[in-house]
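The following paragraphs lead through one protein chain, beginning with a single residue and then widening the view. Please keep the sequence and the structure at hand while reading.

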Amino acid sequence: GNHWDNGECKTDAQLAEEACVADGKVWENNACRNKTAAELCTEAGNHWDNGECKTDAQLAEEACLADGKVWENNACRNKTDTELCVEAGNTWDNGECKTDAQLAEEACLADGKVWQDNACRDDNTPIIPNPENPKIGAIGVQTYYNLHGQPLGTQKPTIPGVYIEKRGKYMRKIAVR
């Protein structure tokens, strides 16, 4: 009840298995079935990963990106300072990473204006923090000093010259004519 095939005696089951495998299928539990996607993937030398067939290069790229690096020309590299800067929402300008506020301040100063409290002012008299009492607000009594730091009082000087005006936490040079 067997078959003579290419010089061998074979059963029906053996012939069925050979025909199944020859069709690129899998013989399992005396039955022929199609190969699964995972089997086809690994048979091709790839990796079955989370329901997808991936090559070595794809897995390497995913690992590279997961490490916060850049995949370029089939190689993993660290991000440049420029890339890190732009990724953080800043601007790379003349070899430096700058925030929008820094760029606005530079533009303000380039226009000959004054940058104070994150705003550009037309007044070209610079205002700097009062180191004596930085917690006092900008509104308050003005105190005047000569350029040697000697207090002159709260009345604006009447003698022509250059003085320091302090109002709260700010001070600036003023000219009396």
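**From one residue to the chain**

Leaving out residues up to four places away in sequence, Asn-2 touches Cys-9, Lys-10 and Thr-11. The model is a predicted one. Asn-2 belongs to the segment that precedes strand β1, which covers residues 3-5. Its relative accessibility is 45%, and Asn-2 therefore counts as partly exposed, since that class lies between the limits of 20% and 50%. A further residue, Ala-13, stands 11 residues from Asn-2 along the chain, and the C-alpha atoms of the two are 9.7 Å apart.

Lys-98 has a relative accessibility of 7%; because buried means under 20%, Lys-98 is classed as buried. Its side chain forms a polar contact with the side chain of Glu-106, at 2.9 Å. Glu-106 is also one of the residues in contact with Lys-98 once neighbours within four places in sequence are set aside; the others are Cys-85, Asn-90, Thr-91, Asp-93 and Leu-103.

The view may now be widened to the chain. Five helices and 17 strands are assigned in it. Of its 177 residues, 16% are buried, and Lys-98 is one of the buried residues. As for contacts between residues at least 6 apart in sequence, 20% of them link residues at least 24 apart.

Note on methods:
Residues are numbered from 1 along each chain as its sequence is written. This is a predicted model: local features need pLDDT of at least 70, side-chain atom pairs count only at pLDDT 80 or more; totals for chains, interfaces and linings use all residues. Side-chain values use heavy atoms; hydrogens and water are left out. Helices (H or I, at least four residues) and strands (E, at least two) are DSSP runs, numbered from the N terminus. Buried means under 20% relative accessible area, exposed over 50%, partly exposed in between (1.4 Å probe, protein chains only). Contact means heavy atoms within 4.5 Å. A polar contact is a pair of N or O atoms within 3.5 Å; within protein, one must be able to donate a hydrogen and the other to accept it, and residues adjacent in sequence count only if both atoms are side-chain atoms.
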